[in-house]
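Q: Hi! Could you walk me through this one? I'd like to look at the model while we talk.

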Amino acid sequence: MGRLLHIIKRKNTKRVPSFRKLLKTSKIKLDNKLKNKQFKQQSTAKKYRKEQRKLRQAVKDVVSKTPLPLDDKKKHPAERQEEEEEEALPLDMMDEDDLKLMEELAQKASFITRDLSSNEPVHARKRKNESVIEKYEKMPRRMQTEPEKEVIHLLPIKDKHGIIPQTMEKPVVRVEEEQEEEDVAEEMEKTQIHAEPLPVLSPEELLVYRRQKLQEKKIHIAALASAILSDPESNMKKLKELRAMLMEQDPNVAVTVRKLVMISLMELFKDITPSYKIRPLTEREKNTKVRKETQKLREFEEGLVSQYKFYLENLEQTVKDWKQRKLKKSNVVSLKAYKGLAEVAVKCLCELLVALPHFNFHNNIIVLIVPLMNDASKQVSEMCCDAVKILFKQDKLGFASLGVVKVISGLVKSRNYDVRPEVLMTLLHLRIKEVEVKKDAEDIAPKKKFMSYKEKRKNLSRMQRKWKKAEEKLERELLEAEASESTEKKLKLHTETLNIVFLTYFRILKKAQKSPLLPAVLEGLAKFAHLINLEFFDDLLLVLHSLIVSGALSHRESLHCILSAFHILSGQGDVLNIDPLKFYTHLYKTLFMLHAGATNEDVAIMLQCLDVMFTKRRKQVSQQRALAFIKRLSTLALQVLPNSSIGILATNRTLMHTFPKSDLLLDNESQGSGLYLPELDEPEYCNAQNTALWELHALQRHYHPVVQKFAAHLAAGAPGEGSQALGHEFSRRSPMEHFESYSMKGMAFNPRVPSVAPKKKFQGKSLPEESFLSEDLNKLLKVHLAKSAAQGAVNFAEHLQALPVS
């Protein structure tokens with residue numbers, strides 16, 4: 001009894017084969033199917049060659065003058081005499097039917113090549129009485145010296161008695177068989193017995209054939225995709241069939257079909273994938289009996305995850321083949337087509353990265369995409385960077401962003417900071433606004449008014465008060481959970497993400513200050529500096545100041561350093577007692593480095609710096625400093641493009657409103673002692689109060705009408721009312737908005753230039769008389785034109801020699 005229980009226990013604890021083992025078995029099955037197919041083709045070809053060889057030998061024997069005897073066995077003289085007598089019989093003694101049958105058999109190769117010494121009929125059936133021992137004895141023996149052949153393991157057969165293993169010998173092509181095939185080919189040439197050649201298609205016919213084949217494949221792909229979309233749970237086999245078309249073997253349409261299948265599968269997975277992550281079933285859940293609908297859903301989910309995994313592996317292998325320039329044995333796809341296939345595969349991966357951040361294998365897609373952001377191919381790199389930017393913008397919770405940031409940080413460190421700046425520029429699109437904000441659940445949860453004890457006692461019975469108490473408790477817990485859990489989780493993810501970003505930035509600032517990644521790092525610090533921990537403020541400001549003083553930075557990079565420093569001081573650093581006078585001096589020096597050429601776009605960063613340095617820190621700025629900046633900005637407005645001039649004049653308007661005493665720059669009389677020193681780099685000591693804004697008079701004659709309007713407005717003292725006041729469309733915009741709205745990147749003038757009136761024609765040419773100021777000159781021109789019409793072309797050389805030299 002105990003032994004029986006032990007056997008039952010062992011049967012119950014039998015392990016079910018894992019999902020990986022099933023996948024591995026299916027791979028072996030596919031490999032063996034391919035090998036069996038190849039072996040069958042070789043066997044068929046070999047059999048065909050043997051039949052052809054026998055046919056040729058038979059023809060030779062018939063044609064030859066001295067035919068060889070069919071039977072070489074020694075016979076008794078009496079038997080020979082009987083045979084000779086039988087052979088000597090005339091043919092007219094045979095029946096016509098027998099003679100006709102013999103002629104028909106003679107035309108068949110099997111009759112000619114048959115061994116007539118054998119008494120066995122042509123189609124001999126197996127004898128029922130033949131014993132097993134006789135069969136075994138008739139089997140040919142193999143010598144021990146013969147080398148062992150390689151064996152292919154097939155899928156086993158399960159019987160009621162147990163598992164029967166199945167094997168097959170691996171076909172080996174011998175040298176003798178190859179030599180025999182060569183001899184057969186030579187004999188075929190001699191006897192001129194050839195098989196029918198394949199039809200050779202012209203280029204036009206080949207193109208038509210390719211179009212027809214491609215159209216058939218497209219219709220097949222569309223039919224499969226339509227069936228899958230109509231009922232995904234029932235048509236999972238068709239999804240597998242469509243995925244198998246990724247291995248298209250027809251060289252004429254292989255590349256196009258594979259691209260179409262990749263894109264079709266990508267769109268299918270985006271449509272049929274559920275909005276949740278599918279987890280593998282536990283052993284307990286597998287053994288539990290469920291309803292048919294639940295079982296069908298489980299099978300669908302398991303099949304979907306399996307096919308999605310195989311699809312991603314195929315995309316990954318396509319990209320790897322392109323990177324390694326590895327030619328496949330099948331040689332269906334050329335090396336030149338690898339790049340096109342890889343680009344389509346990368347495009348599909350980017351689409352799945354953005355569309356399915358919640359589904360399985362999303363981290364695997366991230367690991368594939370992030371290294372391709374640093375790829376040498378510009379098209380591939382831009383696709384991956386754009387996909388990561390979109391993912392950052394759409395990720396509200398922050399889980400997917402954290403995974404991408406981790407991989408980017410590891411990539412930058414592993415490549416020793418030798419990556420493209422665009423990789424770090426993608427971090428600027430992170431949606432992080434607050435970190436480590438700890439609040440009580442009661443403050444976060446929306447307040448809901450509950451009944452007091454007196455109101456309950458007055459209006460409700462005892463049972464109603466009991467139910468009401470339980471209901472209010474449940475509602476309070478639900479409100480707390482709904483508000484606190486989501487926000488706390490989000491803040492935790494954002495804090496961890498930003499820590500990794502700052503770790504990457506600080507590594508580059510410390511170890512790779514001459515790297516091309518420095519501008520991206522400084523721009524990132526300028527955006528996220530208000531979220532940095534207070535402990536790092538002093539060290540970070542020292543590093544930024546040392547970078548500016550070193551002189552190794554460009555104007556744009558130094559502006560980013562200044563902007564980062566003031567973002568730090570305007571956020572949590574406002575509590576620190578630090579005077580950033582050195583950063584004001586750096587910006588004052590840098591202003592004249594900007595011009596209408598390549599550095600015109602850097603004016604946008606300068607406007608941001610001025611906003612943080614003066615508008616948000618107005619109480620810490622002295623009047624002398626404000627006057628010096630207003631004067632230098634007015635001078636800068638003369639040497640930049642119109643959009644930059646408008647942004648600078650809008651900034652001066654804000655400064656004149658913020659610092660009312662700056663109107664003394666509009667007066668010609670000097671204020672106090674001293675002389676204005678425009679070349680001095682110290683804004684506090686340049687005596688800006690002793691100068692005037694003469695630049696505004698020059699800007700009032702600017703070719704851009706908006707610049708003229710702003711210059712006239714400032715020259716009048718920037719009034720809020722009256723004829724010189726700005727309209728709402730100008731006064732309500734910030735300087736940055738003015739800079740962007742009047743930008744000339746699109747090679748368009750804003751506002752549009754008014755159309756010119758049509759000119760009057762003079763003798764078929766556009767020469768208006770009104771364009772010449774002198775009447776005498778007009779008369780002289782008419783005389784010369786009349787002479788030229790009578791004599792021919794005008795000789796201008798004579799007139800040039802006659803002119804006096806000044």
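A: Happy to; here is a chat about the overall make-up and then some individual residues.

Q: Great. What should I know about the numbering and the model before we start?
A: Residues are numbered from 1 along each chain as its sequence is written, and side-chain values use heavy atoms, with hydrogens and water left out. This is a predicted model, where local features need pLDDT of at least 70, side-chain atom pairs count only at pLDDT 80 or more, and totals for chains, interfaces and linings use all residues.

Q: How many helices and strands does the protein chain have?
A: There are 33 helices and two strands in the protein chain. Those are DSSP runs numbered from the N terminus, with helices being H or I of at least four residues and strands being E of at least two.

Q: And what share of the residues counts as buried?
A: 32% of the 806 residues in the protein chain. Buried means under 20% relative accessible area, exposed means over 50%, and partly exposed is in between, with a 1.4 Å probe and protein chains only.

Q: What does the accessible surface of the chain come to?
A: About 55,700 Å², with 54% of that belonging to carbon and sulfur atoms. The areas come from the Shrake-Rupley method with a 1.4 Å probe, and for residues only the protein chains shown count as cover.

Q: Now the strands. How do S1 and S2 pair?
A: Strand S1 (residues 151–159) and strand S2 (residues 162–169) run antiparallel and share seven bridges. Pairing here requires that DSSP finds at least two bridges between the strands. They make a hairpin, with two residues between them.

Q: Which residue of S2 is the bridge partner of Ile-152?
A: That's Met-168.

Q: Switching topic: where is Asp-395?
A: Asp-395 is in the loop between helix H15 (378–394) and helix H16 (399–414).

Q: What does the Asp-395 side chain reach, then?
A: The backbone nitrogen of Ala-400, at 3.4 Å. There is also a polar contact of 2.7 Å between the side chains of Asp-395 and Ser-401. A polar contact is a pair of N or O atoms within 3.5 Å; within protein, one must be able to donate a hydrogen and the other to accept it, and residues adjacent in sequence count only if both atoms are side-chain atoms.

Q: OK, how many salt bridges are there in the whole structure?
A: A search finds 13. One of them is between the side chains of Glu-496 and Lys-406, at 3.7 Å, N to O. Glu-496 lies in helix H20 (residues 462–511) and Lys-406 in helix H16, so the pair ties together parts that are 90 residues apart in sequence.

Q: Which partner does Asp-602 have?
A: Arg-556, and the closest N and O atoms are 2.7 Å apart. Asp-602 sits in the loop between helix H24 (581–590) and helix H25 (603–615) and Arg-556 in helix H23 (residues 555–570), so this pair links parts that are 46 residues apart in sequence.

Q: Is Asp-602 buried or exposed?
A: Asp-602 is buried, at 6% relative accessibility, while Arg-556 is partly exposed at 34%.

Q: Which residues join into one network?
A: Glu-267, Lys-270, Lys-347 and Glu-351, through salt bridges that share partners.

Q: Last topic: how many residues of helix H21 are buried?
A: Eight of the eleven residues in H21 (residues 518–528) are buried, so to speak mostly covered. Leu-518 is among them, with a relative accessible area of 1%.

Q: What is Leu-518 in contact with?
A: Leaving aside neighbours within four places in sequence, Leu-518 is in contact with Leu-509, Gln-513, Leu-547, Leu-553 and Glu-557. Contact means heavy atoms within 4.5 Å. Leu-518 and Leu-553 are 35 residues apart in sequence and 9.1 Å apart in space, C-alpha to C-alpha.

Terms used. A salt bridge is a side-chain nitrogen of Lys or Arg within 4 Å of a carboxyl oxygen of Asp or Glu.
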